[in-house]
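Here is a short briefing to read alongside the model.

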Amino acid sequence: MSPGRIRALIILAVLVLWEALPRSGLVPVLFLPPLSLTLAVLAADWPTFAAALGVTLSEVAVALVFAVGGGLLTGALVGGLAGPRRLLLPVFSSLYAVPLVVLYPVMTAWFGIGAESKIAFASVYGFFPTMLATAAGIRTIDPQLLLTARSMGATPAQRLLLVILPAAIPTVLSGLRLGGALVIVGVVVAEMLIASAGIGYLVTFARTVLDSPRVFAGVLLVLLIAIGFDLAMRWVERRCALWSTAGRPQSAPAAAVPT
Amino acid sequence: MQPLAELNRDAAPAPRGMIEVSGLNHAYATRQGPVQALENVALTVGQGRFTVIVGPSGCGKSSLLMMLAGLRAASAGQILCAGRPITAPDPDRVGVVFQEANLFPWLTALDNVAFPLTLRRAPKAERQARARAMLELVGLGDAATRYPHELSGGMKQRVSIARGLVQDPPVLLLDEPFAALDEQTRMAMGEELLRIWAATRKTVVFVTHSLTEAVYLADEVLVMSARPGRIIDRMPVPLPRPRSYEMMASAEFGRLRDRIWQQIKAPAR
Ligand SMILES: Nc1ncnc2c1ncn2[C@@H]1O[C@H](COP(=O)(O)OP(=O)(O)OP(=O)(O)O)[C@@H](O)[C@H]1O
Ligand SMILES: [Mg+2]
């Protein structure tokens with residue numbers, strides 16, 4: 001059996017268990033409401049869920065722009081120039097290990113409990129891995145490739161655009177994947193902590209009133225966002241990094257995800 | 001991209017040699033102080049000649065080639081190519097091939113060969129036509145759409161040579177281009193290079209560690225001393241062309257090879 005079919009079977013099994021376990025009484029419905037019930041709640045109260053999904057998605061989208069844009073730019077600077085690298089890289093590397101979630105209350109004090117504080121927190125959260133990956137990607141470029149480009153008369157701008165950037169793409173993409181995932185985590189976690197809208201808020205609110213079908217309906221939506229992001233990343237990876245699949249060994253940043 | 005005729009008109013006024021080096025000295029600044037790499041190097045390579053440089057490891061062969069390519073400035077001395085000084089890389093005059101093929105892994109063989117033309121913003125049709133012609137020349141016409149990781153070591157180095165030739169420079173510099181290849185491929189590539197050279201009549205400067213390769217390929221072998229690198233022998237190779245595998249067994253070949261070996265094994269200090 002192909003791995004793809006095994007995967008499909010596992011997912012199917014999980015869905016079946018989700019329905020069967022609570023129905024058979026093996027698991028209390030309060031702990032795990034059946035899939036059908038969860039979907040029914042989702043459908044019945046769709047306007048509420050759709051509004052929350054819209055809030056969360058827009059926060060994720062804006063935070064992605066900040067995290068990815070800032071991460072790529074700073075990473076390119078830090079990776080490409082020795083001065084900023086010596087100055088900033090040690091600081092960034094140690095900051096990376098700090099559980100940034102402690103900053104979130106501060107951010108709500110600064111930006112209020114609306115979308116701004118979520119965006120700010122998730123942007124910072126996703127910024128670090130993207131930045132570090134980009135810096136690593138640019139620093140690990142084979143200097144021989146740059147020498148070769150120089151021997152062919154490439155200007156500094158051409159070396160950046162036609163050699164450094166394409167060579168950095170595989171590492172940068174793995175950073176984007178990690179950074180993007182952290183942005184989603186950051187937004188949802190922030191919504192669950194202090195918020196007035198969004199899926200995370202909905203889940204926390206439903207939990208406090210022990211409305212588990214709504215909790216799971218929210219979880220399902222977060223799952224969908226994550227899957228959607230994964231599909232988008234795969235599409236980007238397929239388009240950008242044809243060569244990296246069988247080319248040189250990739251140097252992905254071997255950093256653990258901080259929580 | 002200049003047409004061929006114009007390049008040749010450029011090259012014609014070179015009075016004596018296509019490459020003329022005089023009084024070349026170079027010292028690297030290191031933490032332990034200056035390291036003298038080249039000492040008073042002078043050489044002349046006539047147009048269309050195949051010159052091979054040999055010498056002990058670390059004697060400055062790569063440094064010399066980098067300077068000929070305009071990739072590194074010498075501490076002192078002068079380098080003329082086609083009658084004009086070399087101060088920066090000039091792909092119109094000099095093509096370079098390194099020990100590693102250094103192909104861009106994200107580009108196909110064709111796009112790698114066309115890369116120097118891309119840098120000059122040549123029209124796409126012209127880029128492709130030139131690159132395709134060069135791939136044909138090195139015997140890789142059917143590998144145009146392959147990526148570097150789909151090519152063998154020998155094929156990669158052929159692509160690299162094609163790329164060095166794509167702007168039709170009068171001079172081709174090669175720094176141990178076949179050193180990373182196995183013996184068989186290496187022999188085949190030597191033959192291949194001679195064929196390409198005969199077809200294009202480039203002026204070639206070729207660095208190698210293999211004495212056999214040196215004698216087999218060269219019109220003239222320049223022998224360098226251990227560091228600081230000086231040229232201690234200029235040995236013409238009077239073997240007829242085209243060279244053949246059988247010549248390697250001849251007494252003449254052995255004598256020439258031995259003459260190099262005697263100077264390299266006991267470097268004059
Ligand atoms: N960037 C550098 N900085 C300092 N010293 C250098 C540098 N590049 C080369 N050298 C020194 O200069 C000397 C000549 O180096 P070079 O690479 O030109 O030798 P080579 O003849 O090509 O050696 P090989 O046959 O091993 O390739 C060596 O002693 C080397 O250590
Ligand atoms: Mg060398």
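The count comes to 2 cavities of 30 Å³ or more, where a cavity is a set of points on a 1 Å grid over the protein atoms alone at which a 1.4 Å probe fits but cannot get out. This is a predicted model, in which local features need pLDDT of at least 70, side-chain atom pairs count only at pLDDT 80 or more, and totals for chains, interfaces and linings use all residues. Residues are numbered from 1 along each chain as its sequence is written, chains are lettered from A in the order in which they are written, and side-chain values use heavy atoms, with hydrogens and water left out.

**Largest cavity**
- Its volume is about 110 Å³, meaning the space filled by probe spheres set on grid points joined across faces, edges and corners.
- The lining has 14 residues, and A:Met152, B:Gly95, B:Val96, B:Arg163 and B:Gly164 lie nearest the centre; a lining residue has an atom within 4 Å of a point.
- At least two lining residues each come from α7 (143-151) of chain A and from β6 (94-97) and α5 (153-165) of chain B; helices (H or I, at least four residues) and strands (E, at least two) are DSSP runs numbered from the N terminus.
- By class, this lining holds 7 nonpolar, 6 polar and 1 charged residues; Ala, Val, Leu, Ile, Met, Phe, Trp, Tyr, Cys and Pro count as nonpolar, Asp, Glu, Lys and Arg as charged, and the others, Gly among them, as polar.

**Second largest cavity**
- This one holds about 40 Å³ of space.
- Helix α6 (residues 183-200) of chain B gives the largest share of the lining, 4 residues.
- Among the lining residues are B:Leu193, B:Trp197 and B:Lys202, and the classes divide into 6 nonpolar, 1 polar and 1 charged.

**Where the chains meet**
- The contact (heavy atoms within 4.5 Å) takes 20 residues from chain A and 19 residues from chain B.
- Together the two chains bury about 1900 Å², 74% of it on carbon and sulfur atoms; buried area is the accessible area (1.4 Å probe) lost on being put together, summed over both parts.
- There are 0 salt bridges between chain A and chain B, counting a side-chain nitrogen of Lys or Arg within 4 Å of a carboxyl oxygen of Asp or Glu.

**From the UniProt record**
- The unreviewed entry places "domain: ABC transmembrane type-1" on residues 53-233 of chain A; such annotations may be inferred rather than shown by experiment.
- In the model, residues 53-233 of chain A are 86% helix and 0% strand, with end C-alpha atoms 20 Å apart.
- The entry's "transmembrane region" spans in chain A include 46-75 and 119-138.
- Residues 46-75 of chain A are 100% helix, with end C-alpha atoms 41 Å apart.
- Residues 119-138 of chain A are 100% helix too, with end C-alpha atoms 27 Å apart.

Methods. 1 Å grid on protein atoms, 1.4 Å probe; cavity = no way out; pocket = protein on both sides within 12 Å on 5 of 7 lines; lining within 4 Å.
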